[in-house]
Amino acid sequence: MSDSPARTPERESMEFDVVIVGAGPAGLAAAIRLKQLAQEKSRDVSVVVLEKGSEVGAHILSGAVIDPVGLDALIPDWRERGAQYDTQVTRDRFLYLTKNGHFRLPNFLMPPLMSNHRNYVVSLGNLCRWLGEQAEALGVDVYPGFAASEILIDDSGAVRGVATGDMGVARDGAPKDGFTRGMELVGKYTFLAEGARGSLTKQVIANFKLDEGREPQKYGLGLKELWEVAPDKHQPGLVQHTMGWPLDDATGGGSFVYHFGENLVSVGFVVHLNYANPYLAPFEEFQRFKTHPAIRATFEGGKRVAYGARALSEGGFQSVPKLAFPGGTLIGCGAGFMNVARIKGSHNAMLSGIMAAQSAYQALQEERAGDVLETYEKAYETSGIVKDLKRVRNVKPLWSRLGTRLGLVAGGIDMWLNTLLPFLSHTLGHGKPDHASLKPAAGFKPIDYPRPDGVLTFDKLSSVFLSATNHEEDQPVHLKVADPDLQRASEHDRFAGPSVRYCPAGVYEWIEAESGGEPRFQINAQNCVHCKTCDIKDPEQNITWVTPEGGGGPNYPNM
Ligand SMILES: Cc1cc2nc3c(=O)[nH]c(=O)nc-3n(C[C@H](O)[C@H](O)[C@H](O)COP(=O)(O)OP(=O)(O)OC[C@H]3O[C@@H](n4cnc5c(N)ncnc54)[C@H](O)[C@@H]3O)c2cc1C
Ligand code: SF4
C-alpha cells in the first residue's frame with residue numbers, strides 16, 4: 001500500500017462519497033442501496049463502482065443456485081423488473097459416488113437449511129449485468145475495465161480510496177505508446193467487494209490486522225463448464241450435488257449439476273484447497289468426474305459452450321475477519337460469507353452490501369468520513385448472515401478432520417443439532433491455512449489421469465480458449481514470484497511443481513534444463529482466469545496475484 005505514485009505525470013483524482021471495488025453481487029448491492037437511501041431522503045450520494053473485467057459480469061463465475069433473500073431485500077419487485085431468475089428449483093438430489101456406482105441420500109435426512117426449494121438456478125454473471133443496469137439507472141458511476149491496484153492511505157492511517165493501475169506499460173516496466181496514468185478515486189468510505197481472496201482485501205486485512213484472533217480463511221477451487229445438452233436430457237429446475245469419487249476420502253470437494261434456461265446445464269467441481277497430495281490436479285479430477293456412469297449420460301450428445309474457474313471462500317463463521325477499518329469495509333466473499341455446506345454465498349454478499357451501505361449512509365448524513373463503520377460490524381453480528389453461517393460452522397472442520405465419508409455423517413448430525421438446538425456454542429477450528437497443507441512429493445506417486453477424449457473430457461488449453469481470456473501480452477507479469485530460488489527449492493524440488501496442476505488455466509510450467517542445469521519457471525500470464533488459487537496454495541506464499549491491466553482476463557458470457 002502506498003500513497004505516493006512512483007511515476008510521473010501525477011495521477012488525476014476524482015472524489016466520491018463511496019468508492020466500491022468490484023461489481024459482483026456485494027458491490028452492486030451496496031451501490032444500489034446507497035442510491036435508494038439517497039432517493040428516499042432526497043440527498044444525493046456519489047458512488048463509483050470499479051470493475052476489472054471488460055464489462056460487468058465478465059469475471060463472475062458461480063454455480064449458481066441462488067437463495068433470493070438478498071435480492072428480495074434489495075429490490076423486492078425484481079420479478080416485475082425482469083431480473084434474470086428464470087428457473088425455479090423443482091428437484092434437489094444429493095449423491096455419494098463410488099467408482100462405478102452411487103448412493104442417493106434421502107432428502108428427509110438433510111437439515112432444512114440444505115433444501116433448495118424456493119431457490120433459483122441462474123447465471124450469476126447475467127444477474128450482475130442486470131444489477132449493473134439497475135445501479136446505473138439510479139445514478140451510480142459503474143466503470144468496467146478498471147482494476148483497483150493500490151490502496152490509498154491518508155496521514156492518519158485511514159483508507160482514503162484506491163488508485164487504478166497505469167495502462168500501456170510494457171513487460172519491462174517502460175511506458176509504451178498510449179501510456180495512461182492510473183487515477184485516484186478518493187472516497188469518504190471505500191468498500192472492498194473483490195470476492196474471494198481479493199488482492200487489495202488481502203493487503204487491508206494484513207495492514208489493519210483484521211484477522212487477529214480468527215481462524216485462517218479456507219478456500220476451494222471451483223471449476224465450471226456450461227453445456228447445451230440434448231433437449232431430452234434437460235430437466236429444468238433439477239439441482240444435483242455429489243461428493244466422493246473421483247476424490248479420495250482424504251480430499252474434500254464435490255460437484256454440482258444445475259439444469260436451467262434453454263437446454264443449459266452448469267456442471268462444476270470444487271476441490272478444497274487443503275488437499276495434501278501435490279500430484280492432485282483439480283482440473284483433471286473434474287474431467288474424470290464427468291465420465292462417471294451416473295453423470296455422463298446428461299452430457300452425451302451435448303456441447304460444451306463455456307469454461308472457467310474461481311476460488312471460493314470456505315472458512316465460514318469462525319474465519320470472518322473484523323469487517324470495518326478506518327475509512328472502509330469488507331463486504332461479500334472477500335470477508336468470507338460463503339456458506340460452504342450450501343455452496344451459496346451470493347445472498348450473503350448482497351446482504352452484507354446492503355448493511356454496509358446503510359451504515360455508510362448514516363455516517364454521511366452525520367457528515368462523518370474516514371472513520372470505522374462500527375454500525376456495520378454490529379449489524380452483521382445480529383444479521384441473517386451470522387445465522388446462516390453459524391449453523392454450518394463445524395461442517396468444514398469435520399470434513400477436514402474425519403475425511404469425506406465420516407465427515408459427511410458427522411457434519412449432517414452437527415447441522416441437525418445446530419438447527420434444533422441453536423444455542424449450542426461449540427465451534428471447531430480449521431487448523432492450518434491451505435498453503436501449509438501440501439505434503440512433500442516424496443510421500444506420493446504421480447497420478448495417471450486419463451487422456452481427454454475431446455467430446456466429454458477436455459484439455460486445459462482448449463478449455464481456456466472457451467473462457468475467452470485475453471490479456472495484453474506486453475505488460476508486466478501480474479503473478480509476482482518474490483524469490484525465484486525459493487520457488488525452485490520448494491515448489492519444484494520438494495513438492496514436484498504443484499502449480500502446474502492446481503492452476504486451472506495452464507499458466508505455470510516448469511521447463512527442465514536439458515544438460516543438468518536449473519529448471520525454469522515459465523509463467524504464461526496471458527492465460528490467467530483470475531481464480532486466485534496460486535496466491536492461496538503456493539506452499540511458501542511466494543506467489544502474489546496482483547491486478548493486470550484493467551479489462552484483461554476472462555470474458556465469461558453467462559457464468
Ligand atoms: C464454482 C462456484 C460455485 C458457486 N455456486 C454458488 C451457488 O450456487 N450459489 C451461490 O449463492 N453462490 C455460489 N458461489 C459463491 C458466489 O459466487 C459468491 O458468494 C459470490 O459471487 C460473492 O460475491 P462477491 O460480490 O463478494 O464477489 P464476486 O462475485 O467474486 O465479485 C467480485 C467482483 O470484483 C471484481 N474485482 C475483484 N478485484 C478487483 C479489483 N482489484 N479491481 C476491480 N475489480 C475487482 C471481480 O472482477 C468481480 O467482478 C459459487 C462460487 C463458485 C466459485
Ligand atoms: S495463474 Fe493463479 S490466478 Fe491465474 S488462473 Fe492460474 S492459479 Fe488462477
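Me: Where does Ala-64 lie?
Reply: Ala-64 lies in the loop between β2 (47–51) and β3 (65–66). Strands such as these are DSSP runs of E, at least two residues long, and helices are runs of H or I, at least four residues long; both are numbered from the N terminus. The peptide bond from Gly-63 to Ala-64 is cis, with omega near 0 degrees.

Me: Which residues does the cis peptide bond with omega of about 10 degrees join?
Reply: That bond joins Trp-245 and Pro-246. Pro-246 sits in the loop between β15 (238–244) and β16 (253–260).

Me: What kind of model is this, and how are residues numbered?
Reply: This is a predicted model: local features need pLDDT of at least 70, side-chain atom pairs count only at pLDDT 80 or more, and totals for chains, interfaces and linings use all residues. Residues are numbered from 1 along each chain as its sequence is written, chains are lettered from A and ligands numbered from 1 in the order in which they are written, and side-chain values use heavy atoms, with hydrogens and water left out.

Me: Why is Glu-225 called buried?
Reply: Buried means under 20% relative accessible area, exposed means over 50%, and partly exposed is in between (1.4 Å probe, protein chains only). Glu-225 has 0%, so it counts as buried. Its place is strand β14 (residues 219–228).

Me: What makes the pairing of Glu-225 and Lys-290 a polar contact?
Reply: A polar contact is a pair of N or O atoms within 3.5 Å. Within protein, one atom must be able to donate a hydrogen and the other to accept it, and residues adjacent in sequence count only if both atoms are side-chain atoms. The side chains of Glu-225 and Lys-290 make such a contact at 2.8 Å. Another, of 3.0 Å, joins the side chains of Glu-225 and Arg-304.

Me: Which residues is Glu-225 in contact with, leaving aside its neighbours within four places in sequence?
Reply: Contact means heavy atoms within 4.5 Å. Among the partners of Glu-225 are Val-265, Phe-286, Tyr-307 and Phe-458.

Me: Is Ser-352 buried or exposed?
Reply: Ser-352 is at 0% relative accessibility, so it counts as buried. Ser-352 is part of helix α7 (residues 346–365). A polar atom of its side chain lies 2.8 Å from the backbone oxygen of Ala-349.

Me: Why is Gly-316 called buried?
Reply: Gly-316 has 9% relative accessibility, so it counts as buried. Its loop runs between β18 (303–313) and β19 (324–325). Leaving aside neighbours within four places in sequence, its contacts include Gln-217 and Leu-389.

Me: Why is Arg-118 called exposed?
Reply: Arg-118 has a relative accessible area of 64%, so it is exposed. Arg-118 has a positive phi of about 70 degrees, although it is not a glycine.

Me: What about Glu-367: buried or exposed?
Reply: Glu-367 is exposed, because its relative accessible area is 67%. Its phi is positive too, about 60 degrees, and it is not a glycine. Glu-367 is in the loop between α7 and α8 (374–381).

Me: How do you know that the radius of gyration agrees with a compact globule?
Reply: The radius is taken over C-alpha atoms, and the globule rule is 2.2 Å times the number of residues to the power 0.38. For 559 residues the rule gives a value near 24 Å; the protein chain has 23 Å, so the two agree. Of these 559 residues, 59% count as buried.
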